[in-house]
Amino acid sequence: MSTVFVWSLSQNTLYNNTVTQTRQADLDRANEKIVADVNVSRVDDYNVALNGNLSNNGPLSVQIVTLWVLDANKKTYFNKSLSITLKPGNVTTLSDPAYNIPLANSGGDLLSYWFITARGNTISEHQGTTINYNTEITNPPGSNSANYSMVSQGIGSVAMNFSQFWHCDFALKPADGTLLPPRNSLNYTVSETNYTIFHVELADYDPLGEDITLNQYSTIYVIGPHSGTVMWGFWNLVNVTGGKIYPSLSGFKVTLPLGVQTDLYFAGSLPSKTIDPGNVYPLNILLYGTKGTSDYGQNIPFVSVYLVSN
Amino acid sequence: MKPRVQKLLKSGRAVSAVISNLILIGAVIAVGFVVIVWAQTQSSNYNKQYSSVIASDINQLQERITLEACYNSTPTTLNAYLMNSGTVNVTIWTVYVSSQSGSLTPYNNFKLYTFQNQLVSSNTLNATKGMREGYVQISLLTPLSGGSNLIRIITLGGSAFVFTFAVA
């Protein structure tokens with residue numbers, strides 16, 4: 001009888017120890033505190049990129065095992081196994097190219113991400129292209145705060161993502177429906193003889209929360225000298241859908257939904273000797289259209305390009 | 001019957017005090033052994049049952065599943081991506097999914113795959129070694145209603161894990 005009693009006692013102890021360990025595991029799980037200050041942004045129709053920091057603000061080491069990315073519009077998912085261990089206070093940076101994610105998407109799609117920890121926690125997702133606005137604009141976690149500060153400083157309601165400026169080139173104006181060529185490896189060098197398509201990513205951060213629609217008068221322009229005279233060059237707003245360009249479509253308009261990074265394409269070529277090549281010139285985006293029910297205009301001086309003759 | 005035995009029975013007296021005591025002690029020892037054997041059998045059975053119950057309870061306590069993502073790949077195909085976040089292996093026994101009427105419908109014909117799309121016939125997510133993550137693919141009887149839905153996973157150990165997921 002005493003043997004049975006002792007044995008029962010040992011079994012009960014075993015059970016109690018397991019209960020204690022399980023409770024401790026649950027407590028550890030509850031005490032994980034990872035802050036994801038990460039932006040997910042579109043690279044092209046087939047890729048998105050994660051950039052930002054993951055910081056462990058909790059008292060325990062945390063292992064992050066899986067990353068999930070979702071395009072909510074297309075309902076496409078992607079998961080990637082990770083092996084990131086963050087000790088308390090540690091910060092890890094996620095950046096290209098390791099966090100370039102192959103995910104079918106379109107400009108303006110809602111992109112979300114979330115991380116899974118080894119203890120089973122989900123690090124709450126942040127929707128990378130939405131903003132929270134009730135009575136005033138607030139910076140969502142991971143947002144590019146520069147965009148908001150530009151808005152607050154009165155530059156205008158539209159802000160540009162400088163990291164998404166690139167261009168590609170045709171020798172001549174392409175026919176409607178032509179696939180865009182690969183990006184030019186030199187982002188800031190433009191040939192005056194090529195037919196150039198500039199890509200910019202704009203977002204509407206209007207404090208009143210109104211959508212902005214840009215019309216065909218929106219353009220990228222450059223001002224420069226030619227034989228002692230001030231000259232202009234233009235690249236007009238064009239329709240690019242599904243990676244194909246439709247340069248002949250007239251009256252094209254683009255709506256910038258509030259807080260959504262939207263892809264815009266401007267295309268054209270400079271007539272020969274319009275502006276003297278061999279110099280660096282500032283590019284401007286002239287935006288014109290409507291905001292809500294009223295008209296809207298804004299000019300964004302954004303990058304400089306080196307103009308070459310071939 | 002022999003005359004001597006008949007005489008002994010008729011007389012009503014013991015053969016002798018020593019022999020009667022020996023018989024008594026022998027009987028007690030025999031009964032005692034029987035009782036000991038019976039008690040040991042009983043305690044052994046008790047130990048086995050109790051051990052089994054405790055082991056089952058401990059296993060159940062240590063089972064943990066995390067739902068990483070859940071979405072339709074087709075209107076009637078639901079993929080639930082799971083991770084074993086506990087300390088023991090978990091074998092999935094049954095999956096319930098909320099139907100359009102709101103009640104839970106059992107699906108025993110689910111299939112478990114690795115994230116690399118390899119079928120896991122044992123329906124087991126490992127705890128420490130091997131495959132911790134996998135997805136359960138369920139062929140739904142009817143498409144899910146939009147909004148919030150439930151998925152309930154019953155393990156072989158008897159644990160029940162209930163998760164909510166959204167259908168756009």
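**Architecture and chain contacts of a predicted two-chain model**

Chain B contains 2 helices and 9 strands. Along the sequence these elements follow the pattern α-α-β-β-β-β-β-β-β-β-β. The structure described here is a predicted model, with an ipTM of 0.77 and a pTM of 0.57. Of the 168 residues of chain B, 22% count as buried. Among the contacts in chain B with a separation of 6 or more, 56% join residues 24 or more positions apart.

Confidence was examined for each chain. The mean pLDDT of chain B is 86, and 93% of its residues score at least 70. Within chain B, helix 1 (residues 3-11) has the lowest confidence, with a mean of 71, whereas strand 5 (residues 111-113) has the highest, at 94. Chain A averages a pLDDT of 80, with 87% of the residues scoring at least 70. The lowest confidence in chain A is found in helix 2 (residues 145-152), at a mean of 37, and the highest in strand 10 (residues 166-170), at 91. Over residues 126-154 of chain A the pLDDT is below 50, although this stretch has 49 contacts in the model beyond near neighbours in sequence.

Helix 2 of chain B covers residues 17-62, a total of 46 residues. At 1.5 Å a residue, helix 2 of chain B should span 68 Å; its end C-alpha atoms lie 65 Å apart, which agrees with that expectation. This helix is hardly covered, with 3 buried residues among its 46. The buried residues of helix 2 of chain B are B:I58, B:N59 and B:L61, and they pack against helix 1 of chain A.

The contact between the chains was then considered from the side of chain A. Here 18 residues of chain A are in contact with 20 residues of chain B. Helix 1 (2-31), strand 3 and strand 4 of chain A are the elements that give two or more residues to the side of chain A that touches chain B. Helix 1 of chain A gives the most, with 9 residues. By class, this side of chain A has 9 nonpolar, 7 polar and 2 charged residues.

Strand 3 of chain A pairs with strand 4 of chain A in the antiparallel sense over 9 bridges. Within this pairing, A:L67 has A:K80 in strand 4 of chain A as its bridge partner. The hairpin of strand 3 and strand 4 of chain A has 4 residues between the strands, and in it A:K75 takes a positive phi near 60°. Strand 3 (residues 62-71) of chain A also pairs with strand 7 (residues 111-117) of chain A, in the antiparallel sense and over 7 bridges. In strand 7 of chain A, A:L111 stands opposite A:D71.

The largest nonpolar core holds 42 residues, of which A:L50, A:V69, B:A80, B:L82 and B:V136 touch the most other members. Strand 3 of chain A contributes the largest share of this core, 6 residues. Apart from its neighbours within four places in sequence, B:A80 is in contact with B:L67, B:C70, B:Y135, B:V136 and B:I151. A second, separate core has 35 residues, including A:V190, A:I197, A:F198 and A:I212.

In chain B, B:F161 lies in strand 9 (residues 160-167). This residue counts as partly exposed because it has 17 C-beta neighbours inside 10 Å, while a buried residue requires 20 or more. Leaving aside neighbours within four places in sequence, B:F161 is in contact with B:I65 and B:I153. A further residue, B:V95, is 66 residues from B:F161 along the chain, and the C-alpha atoms of the two are separated by 9.6 Å.

Key
Residues are numbered from 1 along each chain as its sequence is written. Chains are lettered from A and ligands numbered from 1 in the order in which they are written. This is a predicted model: local features need pLDDT of at least 70, side-chain atom pairs count only at pLDDT 80 or more; totals for chains, interfaces and linings use all residues. Two strands pair if DSSP finds at least two bridges between them. A residue is buried if 20 or more other C-beta atoms lie within 10 Å of its own, exposed if 12 or fewer, and partly exposed in between; C-beta atoms are placed from the backbone. Two residues are in contact if their C-beta atoms, placed from the backbone, lie within 7 Å. Ala, Val, Leu, Ile, Met, Phe, Trp, Tyr, Cys and Pro count as nonpolar, Asp, Glu, Lys and Arg as charged, and the others, Gly among them, as polar. A nonpolar core is a set of buried Ala, Val, Leu, Ile, Met, Phe, Trp, Tyr and Cys residues joined through C-beta atoms within 7 Å. pLDDT is the predictor's confidence in each residue, from 0 to 100. The expected span of a helix is 1.5 Å times one less than its number of residues.
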